[in-house]
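Colleague: Please take me through one part of this model closely, the place where the two chains meet, and then follow it into whatever lies behind it.

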Amino acid sequence: MSNDVVVLGVGLHPFGRFPEKTTEDLGREAAIAALDDAGIEFKDVQAGFLGRVGGTGPPVGVGMRVFGELGQHGMPITNVELACGSSSRALMLAADTIRAGSADVAMVIGVEKMERGMLQVGGAGSTNYTSVMGLNVMPAAYGMMAQRHMAEYGTKPEHFAQVSVKSHRNALHNPYAQYRIAITLEEVLGSRMVCDPLTLYQCCPTSDGASAVVLASADFARTRTTRPVRMLAWAGGSPMYVAGREGLGEGPTGLVAKRAYATAGAGPEDIDVTQVHDAFTPGEILTIEELGYVKPGEGGPFVWEGGTEIFGRCPVNTDGGLLSRGHPMGATGGAMVTEIVRQLRGQAGARQVSEPKVGLVQNAGIGGVNVLIFDR
Amino acid sequence: MSVADAATPVPLREGLFTIPSRRGALPQLHGSECPQCRARFAGPRVICLECGRRGLSPCLLSPTGTVWTFTIVRQTPRGSVMEAPYAIGQVKLDDGPVVTAALVGVPLESVRVGLPVEMTLHPVRTNDDGRRVVAYAFHPHGEKAGT
C-alpha cells in the first residue's frame, strides 16, 4: 500500500467575463469537466474543498452551494480563503485529508466572479486610512517590488515587459485563456503606465472563471488509471518577521520552496515545467530567483534571453499565466495545477514542453504562499 | 474656540500620528516598543514580533528615514483623496520599522530608492468646521512643510 496522493482529474471553466453565469454555474461546469477527466461519479468524492476569495455572488457558504449543484451525499465541505492562493491551499488540505486516510477521493473547486477595474486591497471605497491615502493599490505593491529589484540588481523595465510578451504568446495556444492575442514588447511598454515601471499590459485582468481538481489515494487511482500524476510534495507559508530585513515578493517563497524540495527529494534543477504567480510581471522574475532557478538578480536577464519560454531552460507559465490566462482569484491555484497536470500527461498541444517529468506550482495571496510539486 | 485652535489641523485619523505644536518640530507616528528587546513597530501592538514578550509600551517613532522602495501611482483609486499621479513608498525609519506612505514635496522623477526623507503633514481636505484635515506623508529632508 502506498502513501501517495495522485491527481485523478482536472477541469476548467474558461476564464474571461461571463455576466450571464453565476458563481455556481462556473464551479459546476469546471467540476463536471474534472469528474469526467477522472472517470468517476460525484458520489465517489468523499471530501470537498472550495477556494474562493469574495468577489460577487454568495457572501458565505459558497462551497455548499457549488458542490450542492453536483449532488448531496453528505460529505464534509470546507471553504478555504487565502486570497489569490485559495485553491492551491485547498488542494494541500485535500491532499492532507487523503494522506491521513480520511478520504480516498477529494475534490477541490476554485471559483471567482470579479468586478472590472484596479484591485484595491480592503475594497474600493474603504474608509481606512491607507485606502483614503491611496496606498492600498495592488499594482503598486508589485511596482514597488520592481523598483527595489531595479535599484538592487539593475533589472530593466523591458525585462519585466518581456514576461508579458512571453505569457501572451503562450496563451495563444490555450483555449481557456482570457486573452489570446500576441502583443509586442513595444506594445507592452507603450501601454498606459499604471504603477511605475508597470504598464497596463503587465497587470493581470480581473476575471470570472473556475477550476476543479480531483485527488485520490494511489490505491483508489489504480482502479482508474495506470500512470497517474502524483502530487509529490506541498508546503505553505506566511510572512516572516526578520528585524532589519525587508522581503521582496509575496510571502516567503524561497523558504517554502526549500521545504517542498526536501520533501520531494528534488531540487530546482529537477523541475521541468513551472507555474508561478504572475499577477504582475515582477511575479515571474522574483519567483524564479526565489525558487532557485537563477541567482538573485539574474531573473530579469534570464527572462529577457528566453530562459522561461516553452523551449527555454525553465519553461514558466506555459498556459499564459495570470497575465493572459486571467486571474479569477479563487480559481487560479487549481488552474495552475491543471496546466502542470496537462503538461506532465503530454496533453498541452502546441504549448507542450518537451517530455516534462516534474512540475512545480507557486501560488501566492497577500503574504500566504504555497509551493506544490508534481511528477509522473 | 481660540484662533490658535482653529489654525491647528485635524488628523485624518486620531491616534496615528502627532501634530507638533512647536514650529520646526516634525510630526511622528505612534508606535510600540518592546521593554525587553527594544524592538519597535509601527502602530499599536500587544506582542513583540522579535522576542514574543506580551505588553509593549507606546512610543513615538523616528520621524526620519530613507525610501526603501517606491512607485508612482498613475490612476486615482476610488475613495482616495490622493490624485494621480502621486508617489508612494516604503520608508525605512531610522529606528527600524518600515511604513508605507505618500511621498510628497519632490518631483515625481526625483523619487528614488535611498532618498533620505522626513515626516510631514499633508493637507487632504477642509472639514465642515473649516479646519484643515491632514494626513502624514514623507518628503525630502529640509523641505518646507506643506501645511
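Modeller: This is a predicted model. The contact between the chains draws 29 residues from chain B and 26 residues from chain A. On the side of chain B that touches chain A, at least two residues each come from strand 5 (64-73), strand 6 (86-93) and strand 7 (98-103) of chain B. Strand 5 of chain B gives the most to that side, with 6 residues. By type, the residues on the side of chain B that touches chain A are 17 nonpolar, 8 polar and 4 charged.

Behind the contact, the nonpolar cores can be taken in turn. The largest nonpolar core has 149 residues, and those that touch the most other members are V214(A), L215(A) and L103(B). Helix 5 (residues 138-153) of chain A supplies the largest share of this core, 8 residues. Domain 1 (5-116 + 207-230) and domain 2 (136-204 + 232-375) of chain A both give residues to the core, so it lies between them. With neighbours within four places in sequence left aside, V214(A) is in contact with L8(A), G9(A), A34(A), L35(A), A38(A), I40(A), V105(A) and M107(A). A second, separate core has 5 residues, among them C34(B), A39(B), F41(B) and L56(B).

The two domains of chain A also face each other directly. Their centres, taken over C-alpha atoms, are 23 Å apart. In this contact, 34 residues of domain 1 of chain A meet 36 residues of domain 2 of chain A. The side of domain 1 that touches domain 2 takes at least two residues from each of strand 1 (5-16), helix 3 (86-99), strand 4 (105-112), strand 7 (208-217) and strand 8 (229-237) of chain A. Helix 3 of chain A gives the most to that side, with 7 residues. The residues on the side of domain 1 of chain A that touches domain 2 of chain A comprise 19 nonpolar, 10 polar and 5 charged.

Back in chain B, there is a sheet to look at. Three strands form an open sheet in the order 3-2-4 in chain B, with antiparallel pairing. Its edge strands are strand 3 (40-42) and strand 4 (57-60) of chain B, each of which pairs on one side only. On average, neighbouring strands of the sheet are turned by 40 degrees against each other, direction ignored. Strand 2 (residues 30-33) of chain B pairs with strand 4 of chain B in the antiparallel sense over 4 bridges. E33(B) stands opposite S57(B), which is in strand 4 of chain B.

Notes: Residues numbered from 1 in each chain as written. Chains lettered and ligands numbered in written order. Predicted model: local features only at pLDDT ≥ 70, side-chain atom pairs only at ≥ 80, totals over all residues. Contact = placed C-beta atoms within 7 Å. Nonpolar A, V, L, I, M, F, W, Y, C, P; charged D, E, K, R; others polar. Pairing = 2+ DSSP bridges. Axes fitted to C-alpha atoms, helices over the stretch in contact; angles between N-to-C directions. Core = buried A, V, L, I, M, F, W, Y, C linked by C-beta atoms within 7 Å. Buried ≥ 20, exposed ≤ 12 C-beta atoms within 10 Å, placed from the backbone. Domains from an automatic or database assignment.
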